[in-house]
Amino acid sequence: MTATSVPGSLDGVVIQTLPLFEMMRMRAGTTARRHPVLGFAAADPASTLRWVNQFTHTHRRLGPQDREVVSPNNDTVYSNAWLDLSEGPIVIETPDMGERYWTLGLLDAWTNPFAYVGRRTTGNKPQRTLVHGPRWSGAIPCGITQTVAAPGDDVWLIGRHLVEDDSEDAARVRDAQRAMQIVRADGTDAAMRVDTGFDGRDTGVPAPGTYLKVVSAALTRNPTPRGENLVWPPAKPAALASSLSAVFERLRAGNQPHDVGGGWAIPVLVKTHWGDDHVTRARIARNFIGALGVEEAMYPTAEVDAVGAPLDGSRRYELRFAPGKGLKVGAFWSLTMYRRSDCLFVANPIDRYSIGDRTPGLRHDPDGGLAIRLQADDPGRGANWLPAPAGERFYVVLRLYQPHADHLELRFDYPPIQPI
């Protein structure tokens, strides 16, 4: 047990509550200022009033200019909504999605990925999903296809829609996103104004006063998970500043959990609830917030090469999957590059931030194997190249959507990244 996880210690309290703070920061940073009909939540641009129970969408895949979410993916476009269930249940309406991979992951305010709507769980036909909070009881309206019980009043809904290109297929996804609605049981718009309380764009270590205020407010709406004991407010608030700084640094710099060999680790092995693993929960909230549960997606991550040296853009590397040893997924896979200093995409001359089984022009070796070059300079014609940051440390994430049992049961042998 590390010092940051000792129950009852100030560091332990920060570890325990940090996911709640980070989720509220994400709510403040990603909720909409403007409603398409009702207008701005407040006339003052500096106001912290926002609209909830309203979808916002990205219609393009994220790139290096996007800095709101750490370790984002580059395979899908996002649909984002924060649900406020304090005034009753809401209904999520989704259209026919054809054969496309899509998912709406529902996270509670403690980052537990407790429910899903989408291809793997509920299919691709039109759906009406009722989501209600812990204090609601009532009759299920007609036409509801499934019901989701949330453990608190705040829920982060993160949608992912696979996009094959940036033109025709992106337009089809855009149409599907526009058809998605969040309404009340009677069909009326469920949008509400809320005061998020602070500026969620600041991703640094928070001031103690801000941390205390945000966590205290969130706890009134989102009870501590069942079986988890929390002493709040902390007994020594005057020491909170140094504890916050120390914990945030440890979570950023600490080693990845769940080592699976070859320099690979799997930071997220949660299905629907983190249980008592508070340290991993906090680390994911700080560095990988919004991650799905493993049955929907797995994220093997490498920060070192085959000999254990940190991956660095001043060197050249190759990742090779031998014949018959390719990744096994029910949807798709990709490999994404991130700068280690800020966990964001690496700008590069070919605008490629991920490479995977759907990458145009992906070339297999004559024997059926697949080699990917990780380096800052162009390896030349015919190579599968994922550009690295010149002279900077980096890490890579494999995304396995709907992974097969070999991955879920940790039986897959991930090849090490070899320096050239």
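Visitor: Let's start with charge. How many positive and negative side chains does the protein chain have?
Guide: In this predicted model, the protein chain carries 46 positive side chains and 47 negative ones.

Visitor: And how far apart do the centres of the two sets lie?
Guide: Those centres are 1 Å apart.

Visitor: OK, what about secondary structure: how many helices and strands?
Guide: There are six helices and 24 strands in the protein chain. Its radius of gyration is 22 Å, close to the 22 Å from the globule rule for 420 residues, so the chain is as compact as a globular protein of that length.

Visitor: What does the C-alpha trace span along its principal axes?
Guide: About 60 × 50 × 40 Å.

Visitor: How much of the chain counts as buried?
Guide: 54% of the 420 residues do. As for the surface, the protein chain exposes about 17,800 Å², and 51% of that comes from carbon and sulfur atoms.

Visitor: What share of the contacts comes from residues 24 or more positions apart?
Guide: Taking contacts with a separation of 6 or more, such residues account for 73%.

Visitor: Switching to sheets. What's the strand order in the open sheet of five strands?
Guide: The order runs β4-β5-β11-β7-β8, with antiparallel pairing. At the edges you find β4 (56–57) and β8 (113–118); each has a single partner strand, so one side of each has no neighbour in the sheet.

Visitor: How many bridges do β7 and β8 pair over?
Guide: Five, in the antiparallel sense. To pick out a residue pair, Leu106 has Ala115 in β8 as its bridge partner.

Visitor: I'm looking at Thr103 now. Which strand is that in?
Guide: Thr103 is part of β7, which covers residues 102–108.

Visitor: Is Thr103 buried or exposed?
Guide: Thr103 counts as buried because its relative accessibility is 1%, and the cut-off for buried is under 20%.

Visitor: Which residues is Thr103 in contact with, leaving aside neighbours within four places in sequence?
Guide: Tyr116, Val117 and Gly118 are among them, and so are Ile158, Gly159 and Arg160. Leu292 and Glu296 also contact Thr103.

Visitor: Now Asp189. Where does that one lie?
Guide: In the loop between β12 (181–183) and β13 (192–195). With a relative accessible area of 43%, Asp189 is partly exposed.

Visitor: What does Asp189 touch, not counting residues up to four places away in sequence?
Guide: His35, Asn53, Ile182 and Arg184.

Visitor: And how far is Asp189 from Ile90, C-alpha to C-alpha?
Guide: The two are 9.3 Å apart in space, while 99 residues apart in sequence.

Technical notes: Residues numbered from 1 in each chain as written. Predicted model: local features only at pLDDT ≥ 70, side-chain atom pairs only at ≥ 80, totals over all residues. Heavy atoms only, no water. Helix = DSSP H or I, 4+ residues; strand = E, 2+ residues; numbered from the N terminus. Rg over C-alpha atoms; globule rule 2.2 N^0.38 Å. Buried < 20%, exposed > 50% of the residue type's maximum accessible area, 1.4 Å probe, protein only. Contact = heavy atoms within 4.5 Å. Areas by Shrake-Rupley, 256 points an atom, 1.4 Å probe, with all protein chains shown as cover. Lys, Arg positive; Asp, Glu negative; His and termini not counted. Charge placed at Lys NZ, Arg CZ, Asp CG, Glu CD. Pairing = 2+ DSSP bridges.
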